[in-house]
Amino acid sequence: METDFNQYFRKSLLKLKPYQSAREEFINDGRKMILLDANENPFETSVNRYPDPLQMELKSQIAIWRKVGLEQIYLSNGSDEFISQIVMGSCEPGMDHIVIVPPTFGMYKVAAATFGVSVKEIPLTSEFQLDVPSILTAINEESKLLFIPNPNNPTGNSFNSNDIKTLIENFKGLVVVDEAYVEFAKTPSILPLLNNYPNLIVCQTFSKAQGMAGARLGMAFAHKELISFLNRIKAPYNINSLTLNAVLRKLKEQEQVKEQVADLLKERALLEAALKKVQWVEKCFPSDANFLLIRVDNSIHRYKQLIVTGIVVRNSSKSLGCENTLRISVGTPKENNILIKVLQSLDN
Ligand SMILES: Cc1ncc(COP(=O)(O)O)c(C=O)c1O
């Protein structure tokens with residue numbers, strides 16, 4: 001059956017005429033043109049011109065890398081921008097809602113709040129897995145978006161892949177599988193199944209394994225109709241030239257990224273073994289990402305003790321089901337050794 005993609009978008013945005021940037025109004029046939037159309041400063045500085053609004057050069061490399069069509073890629077100023085755009089584009093404020101599965105990444109709720117969109121929260125099970133029956137019971141016509149971070153943040157585990165598929169198949173709105181930590185995961189990406197599911201959007205980021213958090217680049221992959229809609233509602237120059245060039249270079253350094261990921265996974269195992277020997281660490285949760293969630297005797301006390309020694313971790317205790325937990329990113333071998341020594345020296 002043909003999918004009606006308009007069902008996924010806010011009705012009021014369907015007729016929106018996108019802003020047309022000056023450069024989009026002519027087709028460059030390769031000749032060197034005199035560019036007097038965008039009120040730029042003509043003197044060369046390497047960034048005096050506006051960047052390509054549709055980032056075609058970078059997307060053509062990402063298409064090969066991720067084995068998807070060029071028209072199935074949307075680039076954003078970090079995944080955070082994509083998350084805001086998809087909430088804004090698909091949910092009617094005051095009417096529709098998003099569905100999240102706490103403990104979960106905090107930005108989904110923030111994005112919803114900024115657009116006046118309400119949030120339905122269906123907690124994970126005690127094993128931090130998706131509660132599929134409860135989600136399917138709770139959703140209705142106004143459930144426009146379901147966010148599944150896989151691996152999850154702050155818990156670090158991956159979800160059962162059959163549960164994710166069941167949800168995509170039964171959810172009437174769009175399902176965002178947020179794979180920010182996918183490079184660290186044993187569980188494979190769902191991206192090869194993109195063409196099976198018209199309502200699936202997979203998002204990934206250059207902020208984690210790719211080591212470019214400061215450059216801000218997120219990627220969303222979906223059916224070309226969904227991508228075309230996202231392109232219509234975005235700010236024309238959301239990705240700057242410095243980031244475009246830096247990411248093009250990074251794509252040529254994937255061997256180094258793989259080595260770093262392998263090193264970080266080894267370091268995570270060492271850290272996990274050390275944490276399990278610390279008396280006041282009650283539990284170290286299994287992780288498929290570059291961080292570990294631990295349950296401790298008193299998270300505020302331990303957090304403050306670490307700050308005194310010059311180490312900042314995340315107190316994740318406010319997340320549902322994460323009372324008295326700390327989330328610790330895996331650092332360099334040197335940083336992790338210091339952390340382990342400090343952990344061992346703290347009182348019991
Ligand atoms: C699950 C998840 N999604 C998205 C992001 C945000 O990524 P970006 O830096 O690309 O905005 C994070 C950052 O911590 C995250 O944990």
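## Basis of the model

Residues are numbered from 1 along each chain as its sequence is written, and side-chain values use heavy atoms, with hydrogens and water left out. In this predicted model, local features need pLDDT of at least 70 and side-chain atom pairs count only at pLDDT 80 or more, while totals for chains, interfaces and linings use all residues.

## Negative surface patch

A patch of negative charge on the surface brings together Glu24, Glu25, Asp52 and Glu57. Patches consist of residues with over 30% relative accessible area and no salt bridge, like charges being joined within 9 Å and nonpolar side chains (Val, Leu, Ile, Met, Phe, Trp, Tyr) within 5 Å. A salt bridge is a side-chain nitrogen of Lys or Arg within 4 Å of a carboxyl oxygen of Asp or Glu.

Glu25 belongs to the loop between α1 (11-14) and α2 (56-66); helices (H or I, at least four residues) and strands (E, at least two) are DSSP runs, numbered from the N terminus. Glu25 is exposed at 58% relative accessible area (buried is under 20%, exposed over 50%, partly exposed in between, with a 1.4 Å probe and protein chains only).

## Cysteines

The whole structure contains 0 disulfides, a disulfide being a pair of cysteine sulfur atoms within 2.5 Å. For Cys284, the closest cysteine sulfur is that of Cys322, 13 Å away and therefore too far for a bond. Cys284 is buried at 9% relative accessibility, and Cys322 is buried at 0%.

## Asp297

Asp297 occupies the loop between β9 (291-296) and α10 (299-308) and is partly exposed, with a relative accessible area of 32%. Between Asp297 and Ile338 there is a separation of 41 residues in sequence and 21 Å in space, C-alpha to C-alpha.

Conventions
Accessible areas come from the Shrake-Rupley method with a 1.4 Å probe; for residues, only the protein chains shown count as cover. Lys and Arg count as positive and Asp and Glu as negative; His and the chain ends are not counted. The place of a charge is taken as NZ of Lys, CZ of Arg, CG of Asp or CD of Glu.
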